Amino acid sequence: MSFENIEWIWKNGEIIPWKDATVHVSAHGLHYGSGVFEGIRCYETESGPALFRVREHYERFHASASIYGFEIPYSIEELTDATCELISRNEFKSCYVRPICFMGSGSLGVFPRNCSSEVSIMAWAWGAYLGAEGLEKGIRVTVSPWRKFHSSMMPTTAKACGQYLNSILAVSDAFARGFDEALLLDVDGRLAEGSGENLFVIKDGVIYTNKADDSILMGITRSAAIEIAKAEGFEIEAKSLELDDLLNADEAFFTGTAAEITPIREVDERVIGAGRRGAVTEKIQTVFFDAVNGRDTRFEKWLTPVEEFIAA
Ligand SMILES: Cc1ncc(COP(=O)(O)O)c(C=O)c1O
């Protein structure tokens, strides 16, 4: 990952040079994590760069803000427009987009009184989050000693800045012990999710994934994988999953905007299935990459070509 080629940032309605996109140290969001964000991918297609499920991402952005009572003073259309302009100005063919809305400077009581609502969008070239080799061969995951917080503690369906300290603890522990990613259990010991991914397991040809009740973020890639699985005729079921379901699975994979569709080949030294990307995972992954790159017309609805959007 590199920020080197970013020339322009969108900040509070304007496109400004990278070096000017700064934040004051008194910003409430810096002290307490009071902010919400999104991660959106823009893929290279025959019609130029295209955003993947941008409407769903900006809907979730607004929904996350609304749970916390933060106001995002831009509509979904305005944010999409800003994102397209930004990608075009930076001349990216493909990139990762990071919109954020955080509480700015105003006061530092825990309640963000009189704090401004600061909205920025960054975009940069970001390859495979868990490595190109991970996409093909699968990754090694550890069950984290840190549990995923319950929705009675923080809204798990919101993508809020401070909530990610839980993920940071988990992934730091996983890296320190030589694993590629952490998998968090929920407070009851059932499978929740990765530090930034949703989980799928496959047993006897049936695909399983867990549900909102299991302390997960409702991933947009998760819902794409479900739709792809159905379109390909797989049986798929959403239900709570136990650690056993994963350890005894034939295949498993993570989904996420950053991680895309990444197979899991090992969990705490226990080999999953044949210890490599399985046939069902490979099929879902292939259709996913065809969809995001505009090669599968069944899923055209998920793409917003940047230049067409600007021209419209
Ligand atoms: C904790 C967590 N779970 C799941 C996901 C996957 O969500 P999506 O597919 O919408 O990126 C993410 C990434 O956004 C995440 O941070």
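A residue is near a molecule if its C-beta atom, placed from the backbone, lies within 6 Å of it. The model shown in these views is predicted.

**View 1. Shell around the ligand.** The shell around the ligand holds 14 residues. Leu-217, Gly-219, Ile-220, Thr-221 and Thr-257 come nearest. Two elements each give two or more residues to this shell: helix H6 (220-231) and strand S14 (251-256). H6 supplies the largest share, 3 residues.

View 2. The domain assignment divides the chain into domain 1 (8-124) and domain 2 (132-293). Their C-alpha centres are 26 Å apart. Domain 1 puts 24 residues into the contact, and domain 2 puts in 12 residues. On the domain 1 side, two or more residues each come from helix H1 (28-32), strand S3 (35-37), strand S4 (40-45), helix H2 (54-68) and strand S6 (95-103). H2 gives the largest share of that side, 6 residues.

**View 3. The largest nonpolar core.** This core has 84 residues. Those with the most contacts inside it are Cys-42, Phe-200, Val-201, Ala-225, Ala-252 and Phe-288. Both domain 1 (8-124) and domain 2 (132-293) give residues to the core, so it lies between them.

**View 4. Ala-225 and its partners.** Ala-225 is one of the residues with the most contacts inside the largest nonpolar core. Beyond its neighbours within four places in sequence, Ala-225 is in contact with Phe-200, Thr-255, Ile-261, Ile-284 and Phe-288.

**View 5. Helix H8 and its buried side.** H8 spans residues 279-292, 14 residues in total. From first C-alpha to last, H8 reaches 20 Å, close to the 20 Å expected at 1.5 Å a residue. Buried in H8 are Val-280, Thr-281, Ile-284, Gln-285, Val-287, Phe-288, Ala-291 and Val-292. Gly-294 follows H8 and has a positive phi, near 75 degrees.

**View 6. Val-97 in strand S6.** Val-97 sits in strand S6. Val-97 counts as buried because it has 25 C-beta neighbours inside 10 Å, where 20 or more are required. Leaving out residues up to four places away in sequence, Val-97 touches Ile-40, Cys-42, Thr-83, Ile-121 and Ala-123. Among these partners, Cys-42 is also one of the residues with the most contacts inside the largest nonpolar core. Ala-224 lies 127 residues from Val-97 along the chain, and their C-alpha atoms are separated by 18 Å.

Methods. Residues are numbered from 1 along each chain as its sequence is written. This is a predicted model: local features need pLDDT of at least 70, side-chain atom pairs count only at pLDDT 80 or more; totals for chains, interfaces and linings use all residues. A nonpolar core is a set of buried Ala, Val, Leu, Ile, Met, Phe, Trp, Tyr and Cys residues joined through C-beta atoms within 7 Å. A residue is buried if 20 or more other C-beta atoms lie within 10 Å of its own, exposed if 12 or fewer, and partly exposed in between; C-beta atoms are placed from the backbone. Domain bounds come from an automatic or database domain assignment. Two residues are in contact if their C-beta atoms, placed from the backbone, lie within 7 Å. Helices (H or I, at least four residues) and strands (E, at least two) are DSSP runs, numbered from the N terminus. The expected span of a helix is 1.5 Å times one less than its number of residues.
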